Amino acid sequence: MTAPQSPYQSHEKELKDYYWSYADILRDIGINESTYDQRIMAFMALKLLIDNDKLLFNFEYRNDFGLSEKEYKKGKDTKETFLNIIKNIEKFGRGENLHYFEQESKYNPDKSKNILTYLNHYKTFELERYIVELSNAQLENVLDIYTYQANFRDYPRDEYKDLYEKTVSRMKKMSGDLTGQHFTQKSIIHLMCEMGIQGIKDNEKLAIYDPTSGTGSMLMESADYFKKHTKIKDIELYGQEMHGQTWLLSKIFLEISNQKNTIAYGNTLTNPAFANGINGTDNFDFIIANPPFGVDWKHNYNEIKENMESKKTNFFVVKDEKGKVVTPKKSDGQFLFMMHIINLMKRENKRGKRATAGIISSSTLISTGSASSSEAKIRRAIFKEQLVSAVLEQPSAMFTNTDITSHIWFLDTLPTAKIKVVKADTKEEELFVSHPNAKDKMKNAYSKENITKLKKYLTNKTDKKYVSKSLSTDRCEINISQEIGFRDDTEELSIDALIGELDELMKDMCNDYQKNGLFGF
């Protein structure tokens with residue numbers, strides 16, 4: 001008996017809005033909109049690997065899922081057959097095409113070293129559950145949608161890192177939940193890389209680290225930037241991510257990009273996989289990070305404080321005048337990530353190796369709190385280390401779902417006695433432009449010319465009025481806008497000129513009055 005023709009069979013395979021087609025099915029079976037993205041990305045993850053020849057099977061169930069007779073284990077219908085594949089997915093990797101899909105189990109969510117395991121795992125994507133909830137006909141429809149509407153065969157590799165943002169943004173808009181989805185645009189990453197390039201351009205090998213690596217977009221973009229702007233060929237990427245689905249997607253994107261990587265699963269603050277650098281012996285040359293703003297960490301307070309009080313702490317430790325450990329406020333963990341990074345950089349200093357870093361923070365991190373607050377004490381200690389070479393105050397509207405202003409802290413193990421601060425939103429010179437692909441609240445960006453100018457102001461010893469200023473490290477807070485100030489464009493008008501303008505105005509009013517026929521005699 002001939003199988004019924006799919007509505008997609010006659011269509012050419014292309015990349016379309018497959019999100020909505022699958023979402024329609026999920027809506028029909030009563031799945032909560034807030035979980036659509038989990039299911040959509042789970043099948044997307046499989047299709048990415050299929051279209052890049054990383055898996056032995058495909059979604060074309062009419063053709064035995066592309067498997068040989070030996071590999072194919074037929075069930076009573078498509079659903080049972082597909083479940084047979086998913087339950088044994090580790091066996092279906094195309095080994096010769098998988099280069100970085102095995103890493104030590106200590107970096108993974110479970111004991112398996114094989115990343116394929118986590119395509120169907122309760123800490124990442126529960127593919128079996130997503131299949132079981134569909135009827136056989138609905139599953140076949142989903143497989144057709146991904147076969148014909150999600151074709152990644154010729155998808156540009158440098159755009160893979162944007163796929164997650166596009167998918168999550170669309171799905172979260174549907175459910176009305178955009179919390180925390182503040183993706184870092186490429187121009188910001190390019191500026192951060194350009195500021196670190198002087199410290200690494202002569203390296204034979206480059207190790208880049210991101211402690212909050214997400215889907216690896218900042219790691220991939222920085223690796224691309226250094227490949228294009230240096231002669232370094234051997235680049236290794238390291239990161240850590242606590243959300244299982246995001247961690248798995250980062251491994252997939254990096255595998256497809258053929259980029260050497262080790263991405264650890266877990267909480268960087270409580271269980272940092274790279275607290276001692278690479279295997280405790282080698283260093284990170286460049287660290288790039290955009291830690292989450294305003295994340296509450298009180299549930300980890302005791303564990304983190306105990307670590308800070310230990311001899312083998314994972315943090316840069318600050319103590320008060322009584323010798324007690326100073327911790328940031330529990331409602332915002334940004335400083336903890338910075339203290340983790342600084343601790344790593346100080347270790348590299350002891351090894352006699354140079355490291356640079358670029359860290360994005362909220363605009364409040366550098367200035368809030370009284371002189372006696374924990375934040376002020378931490379800042380004073382950080383500035384005193386002479387690791388902060390510069391801080392940039394960015395313009396507003398640089399992120400997709402928030403128009404807040406933010407800062408970039410530039411750190412360098414080469415000590416500096418001054419901190420250069422720069423304000424990008426200035427009337428003196430164009431230091432940012434309108435984003436060429438503005439969306440949501442992201443309206444602004446940096447052009448190549450902007451990046452060149454910003455680097456000049458961030459590294460020059462001389463200051464420019466209303467743009468940049470060199471500050472002493474002996475301080476506990478910095479308000480960049482106040483330090484740099486604003487040029488007042490208001491023209492000074494003399495009293496004589498003002499009286500003259502008023503006199504002319506009164507004459508005009510009198511003339512109009514006399515010419516008005518209503519008042520004539």
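This is a predicted model: local features need pLDDT of at least 70, side-chain atom pairs count only at pLDDT 80 or more; totals for chains, interfaces and linings use all residues.
At what angle do helix α1 and helix α5 pack, and how far apart are their axes? I number residues from 1 along each chain as its sequence is written, and the side-chain values use heavy atoms, with hydrogens and water left out.

**Entry: the helix pair**

I looked up α1 (residues 18–28) and α5 (residues 136–148) and found an angle of about 175 degrees, with the axes 10 Å apart. The axes are lines fitted to C-alpha atoms, for helices over the stretch in contact, and angles run from 0 to 180 degrees between N-to-C directions. The two helices are therefore roughly antiparallel to each other, a term for angles over 145 degrees, where under 35 counts as roughly parallel, 65 to 115 as roughly perpendicular and the rest as oblique.

I then listed the contact, meaning heavy atoms within 4.5 Å: α1 brings Tyr18, Ser21, Tyr22 and Ile25, and α5 brings Gln138, Asn141, Val142, Ile145 and Tyr146. Sorted by class, this contact has 6 nonpolar, 3 polar and no charged residues; Ala, Val, Leu, Ile, Met, Phe, Trp, Tyr, Cys and Pro count as nonpolar, Asp, Glu, Lys and Arg as charged, and the others, Gly among them, as polar.

Within α1, I noted that Tyr18, Tyr19, Ser21, Tyr22, Ala23, Ile25 and Leu26 are buried, where buried means under 20% relative accessible area, exposed over 50%, and partly exposed in between, with a 1.4 Å probe and protein chains only. Just after α1, glycine 30 takes a positive phi of about 80 degrees.

**Entry: the whole protein**

I counted 15 helices and 11 strands in the protein; these are DSSP runs, helices being H or I of at least four residues and strands E of at least two, numbered from the N terminus. The C-alpha atoms fill a box of roughly 100 × 85 × 45 Å along the principal axes, and of the 521 residues, 52% count as buried. Among contacts with a separation of 6 or more, 74% are accounted for by residues 24 or more positions apart.

**Entry: the sheet**

In which order do the 9 strands of the open sheet stand? I read the order as β3-β2-β1-β4-β5-β7-β6-β8-β11, with mixed pairing, and two strands pair if DSSP finds at least two bridges between them. The edge strands, each pairing on one side only, are β3 (261–265) and β11 (468–472). Neighbouring strands of this sheet are turned by 20 degrees against each other on average, direction ignored.

I followed some of the pairs in turn. Strand β5 (residues 356–362) runs antiparallel to β7 (residues 406–412) and is joined to β7 by 7 bridges, with isoleucine 408 of β7 as the bridge partner of isoleucine 360. β6 and β7 pair in the antiparallel sense over 5 bridges, and there valine 391 has tryptophan 409 as its partner in β7. β6 and β8, by contrast, pair in the parallel sense over 4 bridges, and leucine 392 meets valine 422 of β8.

**Entry: what lies around β6**

Is β6 mostly covered or mostly open? I found that β6 is mostly covered, since 5 of its 6 residues are buried. Helix α13 (residues 448–459) lies across β6 (388–393), β7, β8 (418–423) and β11, running at about 145 degrees to β8. In α12 (residues 374–384), the buried residues are Glu375, Ala376, Ile378, Arg379, Ala381, Ile382 and Phe383, and their cover includes α11 (334–350), β6, β7 and β8. Glutamine 386, which follows α12, has a positive phi near 60 degrees.

**Entry: loop residues**

Aspartate 53, in the loop between α2 (36–51) and α3 (78–87), has a positive phi near 60 degrees without being a glycine, and at 33% relative accessibility aspartate 53 counts as partly exposed. Asparagine 258, between α9 (244–256) and β3, has a positive phi of about 55 degrees and is partly exposed at 41%. Aspartate 202, in the loop between α7 (186–200) and β1 (205–210), is exposed, with a relative accessible area of 67%; aspartate 202 and phenylalanine 183 are 19 residues apart in sequence and 31 Å apart in space, C-alpha to C-alpha.
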